[in-house]
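Here are my notes for you as you open this one up.

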Protein chains: 4
Amino acid sequence: MQFLSDNAAAVHPAVWDAMRAADDPQPPYDGDAISQSLDARFTELFGREAAVLWVATGTAANCLALATMCPPHGGVVCHREAHIEVDEGGAPGFYLHGAKLLLAEGEGAKLTPEAVRAVVDPIRDDVHQVQPHALSVTQASEYGHAYRPAELAALGETARARGLGFHVDGARFANAAAFLGCSPAEAAGPCDALSFGFVKNGGLTAEAIVFFRPDLADVARYRRKRAGHLQSKGRFLAAQIAAMLDGDIWLANARHANAAAAEIGQACGERLMHPVEANELFVRLTAAERQTLRGQGFGFYDWGSDAARFVTAWNTREADAKALAQAIAGL
Amino acid sequence: MQFLSDNAAAVHPAVWDAMRAADDPQPPYDGDAISQSLDARFTELFGREAAVLWVATGTAANCLALATMCPPHGGVVCHREAHIEVDEGGAPGFYLHGAKLLLAEGEGAKLTPEAVRAVVDPIRDDVHQVQPHALSVTQASEYGHAYRPAELAALGETARARGLGFHVDGARFANAAAFLGCSPAEAAGPCDALSFGFVKNGGLTAEAIVFFRPDLADVARYRRKRAGHLQSKGRFLAAQIAAMLDGDIWLANARHANAAAAEIGQACGERLMHPVEANELFVRLTAAERQTLRGQGFGFYDWGSDAARFVTAWNTREADAKALAQAIAGL
Amino acid sequence: MQFLSDNAAAVHPAVWDAMRAADDPQPPYDGDAISQSLDARFTELFGREAAVLWVATGTAANCLALATMCPPHGGVVCHREAHIEVDEGGAPGFYLHGAKLLLAEGEGAKLTPEAVRAVVDPIRDDVHQVQPHALSVTQASEYGHAYRPAELAALGETARARGLGFHVDGARFANAAAFLGCSPAEAAGPCDALSFGFVKNGGLTAEAIVFFRPDLADVARYRRKRAGHLQSKGRFLAAQIAAMLDGDIWLANARHANAAAAEIGQACGERLMHPVEANELFVRLTAAERQTLRGQGFGFYDWGSDAARFVTAWNTREADAKALAQAIAGL
Amino acid sequence: MQFLSDNAAAVHPAVWDAMRAADDPQPPYDGDAISQSLDARFTELFGREAAVLWVATGTAANCLALATMCPPHGGVVCHREAHIEVDEGGAPGFYLHGAKLLLAEGEGAKLTPEAVRAVVDPIRDDVHQVQPHALSVTQASEYGHAYRPAELAALGETARARGLGFHVDGARFANAAAFLGCSPAEAAGPCDALSFGFVKNGGLTAEAIVFFRPDLADVARYRRKRAGHLQSKGRFLAAQIAAMLDGDIWLANARHANAAAAEIGQACGERLMHPVEANELFVRLTAAERQTLRGQGFGFYDWGSDAARFVTAWNTREADAKALAQAIAGL
């Protein structure tokens, strides 16, 4: 009964099938038919012209996207607890050649136009201070909050007004979209590039960088190769993504994970540190309570000294979710 | 009847099986049992203590290895036609933070101690010139030549004498080892790190960086994450590699490809630009001859204006190899 | 009556004289006799073996020093308001190839061992988080506080215990040393490298990086050239530094500036935001009061909306300092 | 009787005077009146709108200029013996974040449109190969050749046709202009940026980057600060440059050096490896002959094993030049 993370969950059968089906002679890199089809697939999904690159990890997706928006001497506004700041081993510093993350505050790891302006406005327009060139937000946020379409629209407007590129880290974009119930386009907002995550949602080794500005994608293609992320058998990455789009498996998987999280969340009541919108739960639990739960066979990470994080996945069994809900309720 | 490249060839069934078998709950990144087993596997294979990291591409493998040996202000000696110089989109410049490739000459894209010294010796030991810190050779070379163990030993000695780290790009290491018929350790020589390729030899998305100096591996782990190459479902990469080592599939696959190349090579006679040692053939063919071959259903790349490159793979059908041999003989 | 900054103050006559005296044929770069003498001069001054490089700016001095201590994938602990974080246009990101500044808190822009540990201790020792490799403090701090010898010793001990390189940004090291009245060695603490500032203290274009570890200096020499900071007529930089050391002009100049600041500080009373230890004053003044002072001919920068910063220099006239003291007292 | 290099020659009296005159209170960095005047001065000199930044070294000038033209994943075409390739300690790799120098051939270290195309044309327009983004030539070349205006025009046309930025390394631009006798604009050609050297020509610590595209200068200002090359007492650099422009001292100094070189050159006859156009001479001399000359008190560098390099300067005494000419003639 594992709730450690969705990042190592099983692979969806349709993904396996699609990969096996792709095991026929095809041109290398992204010259195969499936890779070539991705632009059209995402253009249709978002209703905006999209240019799409597959990569193996969310870190690479985020950093390649941002590297197209921010020069080495610039800065990227993001939340103080953003994944790119906290958990990517300094990858933005590598990919952006020393550009700086400019850290903003916000409840639940979410940014607002005010929070962005609080970072950007005090920066003197002189060469002694790093100038902001891009804005990056996480959908759903690192605490499982989904930005509402209107919130993204407002952030996009702020970015535009300040001349900032707008990137969305969508490692759990599917979960956000499933929660919001809106169109993918609304869930992504008016961004220039979206890191659309599949690995946490039933994929194997493929994430998509969805560029809504073709000029950025053109740059990213060179940067992807230069970063060693252009795989010769890329058709197997493209196949994963295409399989997830077919019949909206990406959405069904996310709905499943969200539902499991919601069920557990209802049992947590006042223990919840954040409302449960996606597939992560941050739950106040004493050390003793956590020990009790682990004794009952539940796997999860501690979150600081007084809480735990539970993550559901596309393949979380309903029985496991129910069992966890009951176990927490019974503490 | 494709002889374009081995880089997009089919995936070996044992690789598929191993990946499916790995689709059970495991810790993320390289915390799974298979990833954890790789050090021991390669230590056994090479008879030297090895610390091993999987990555998705040969470019990442090469560059991560070199980044542990050469500081940003240093240089890496390699052949003028080395893959890292010619075909990696500037990845060494990225991963090594602007370090310089110091280009040496040599027949068949192979280096000798003399060739290395011809580059290294004229460099004044002052701050105005980039100082060499590492040596990188390709086994088999970009023209399909295999370094003999004694040649590697001599190069290793040269590297040691000059204080250079020693890296072997083994994108087609299996083909070299199969040709040489020696032990893997002899085929790798006294190097500090080997990029051991699997993708061209029946793998899907996994290459191994085999470090024979654990201190370098420790650094490489941070660099791999920072480069976005630490995959959360890394067990699927580890599984590919382990599967290839089981029962020496890596060697059998390479022998198969080499045999096909040898058969074709015998038909080429004087047309051969290089002796056929691994699985690549560089064959003098006029434009008309190439057109004839393509008309007969053979796929391959032009090599300049007067030649063609043919590459065999682990799954090249014997019939196809024979057909190509006959077709060339019949020109 | 300028109190804007010491960074553009006049050049000391002895510096001019020394530069003119150096205008004879000498080897380029740092091959001249004066450059060659600097190691011995600073070794004598600090009573520790020192290897010294001149550079033109404090930014270059800080970044070159730190680049020898922290790899591209590492981090440098510094104060949230440290000059390297706030005012160097992202130079550390450039020189350290994307390494990260890890920001600590502390009164008056000073760090303590506790503040350092509060940053370092929560960092998990895994590849997802940037690991600390160096510590940088500013002597005197950005708010004009001088670290006491015991404080530096404790910070040095913390650095050693954690395996961090220890750098002191001494843009106003002279002012700190003059205030402390201790030996230069005590004022620098057990650091590995000191950026010893001269430009703000009567120099023209020369700062010294004083390495107390020769191995770091060896690396820095390559990095200095690579950064375009090895000047061919370097003898003129060396001459400035040597001139400032002769007869302890550096100390006399700093004492003068400190004395002027102290006199003004006594007139400020409760208005002082920080005790005046070096040559900077941060003074609470309303907009109207600032206007009054400016109307009386005093030049200075606003510090936020309710305060002003005054900086004295080696050449601040006593009459000007007195006048400012009286003007503030009279508000 | 030194002919080692012009890079460490004495400072012109007018430069000293201008620096001393600048020793009055002025805003820091480039806020002073002289720095602010440079755009107009160079605009007048070149008859094209110019935006000008001072820096301390030619390496910094070259690299900052190129960094505005070439992204980290791109390449700069230059001569195999260009100073940026051979003698700058890898600075282009640092400043351009790993961008690659693409090496072209040419007599006397000069490039032609054909030589540029020979490098550029074979580069496949795909992500595996580094794409060219800029062209850099040296005026006068590393062997003392001056590009004629028509040659620069043709190179500029080639650059424009290929979408390359066009940079001129003018470490000895004055010597080229003096030799050519044309306007500065003709001597610089249709370049986007010129590194206009003063240090070798009587300056102390100031070179000018002359941008003919203001958008590039805007970027370079941030990069200059980030590289630690924005000096707080920048007025002293600006003063040097302004002094050299006053009354065309830069041109008079170069004429003097060129004349001395020409006089020596006439005595060298067949010994000359290159025609003498600027202030450098490459002269075939046996070891014994060099020993003889050194025994007569002449200082110079060996150039390989069978030649020597002599460099004249703005302050080479006529008697010394004559003496060297006679000594060589008398060998």
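The numbered points below go from the chain copies to helices, aromatic rings and backbone details.

1. Some ground rules. This is a predicted model, where local features need pLDDT of at least 70, side-chain atom pairs count only at pLDDT 80 or more, and totals for chains, interfaces and linings use all residues. Residues are numbered from 1 along each chain as its sequence is written, chains are lettered from A and ligands numbered from 1 in the order in which they are written, and side-chain values use heavy atoms, with hydrogens and water left out.

2. Two copies of a chain are related by a rotation about an axis and a shift along it. The superposition is by least squares on the C-alpha atoms of residues with pLDDT of at least 70 in both copies.

3. Chains C and D. Chain C can also be laid on chain D, again by a turn of 180 degrees and a shift of 0.0 Å along the axis, with an RMSD of 0.0 Å. For this axis, the nearest C-alpha in chain C belongs to Ala227(C), 3.6 Å away. The copies meet through the same surface, because 100% of the interface residues of chain C are also interface residues in chain D.

4. A covered helix. Look at α3 of chain C, residues 58-67: nine of its ten residues are buried. Buried means under 20% relative accessible area, exposed means over 50%, and partly exposed is in between (1.4 Å probe, protein chains only). Among the buried ones are Asn62(C), Cys63(C) and Leu64(C). Helices (H or I, at least four residues) and strands (E, at least two) are DSSP runs, numbered from the N terminus.

5. A crossing in chain B. Helices α11 (residues 235-245) and α12 (residues 249-268) of chain B pack at about 70 degrees, with their axes 5 Å apart. That makes α11(B) roughly perpendicular to α12(B). For the labels, under 35 degrees is roughly parallel, over 145 roughly antiparallel, 65 to 115 roughly perpendicular and the rest oblique. The axes are lines fitted to C-alpha atoms, for helices over the stretch in contact, and angles run from 0 to 180 degrees between N-to-C directions. Who meets whom? Ala243(B), Met244(B) and Leu245(B) of α11(B) meet Ile249(B), Trp250(B) and Asn253(B) of α12(B).

6. Rings across chains. Rings of Phe, Tyr and Trp (its six-membered ring) pair if their centres lie within 6.5 Å; planes under 30 degrees apart are stacked, over 60 edge-to-face and the rest tilted. The count comes to 78 aromatic pairs over all chains. One of them is edge-to-face, Tyr95(C) with Phe94(D), at 5.3 Å centre to centre and 70 degrees between the planes. Tyr95(C) lies in α5 (residues 91-95) of chain C and Phe94(D) in α5 (residues 91-95) of chain D, so the pair joins two chains. Tyr95(C) is buried at 2% relative accessible area, and Phe94(D) is buried at 4%.

7. Rings within a chain. Phe282(C) and Trp303(C) pair edge-to-face too, 4.9 Å centre to centre with 70 degrees between the planes. This links distant parts of the chain, 21 residues apart: Phe282(C) is in strand β8 (residues 280-284), Trp303(C) in the loop between β9 (301-302) and β10 (307-311). Phe282(C) is buried, at 1%, while Trp303(C) is partly exposed, at 32%. Over in chain A, one aromatic cluster includes Phe42(A), Phe46(A) and Trp250(A).

8. Backbone details. Most residues other than glycine have a negative phi, and most peptide bonds are trans. Gln139(B) and Ala140(B) are joined by a cis peptide bond, omega about -10 degrees; Ala140(B) sits in the loop between β4 (131-138) and α7 (149-162) of chain B. The bond from Gln139(D) to Ala140(D) is cis as well, with omega near -5 degrees. Ala109(D) has a positive phi, near 65 degrees, and is buried with a relative accessible area of 2%.

Terms used: Contact means heavy atoms within 4.5 Å.
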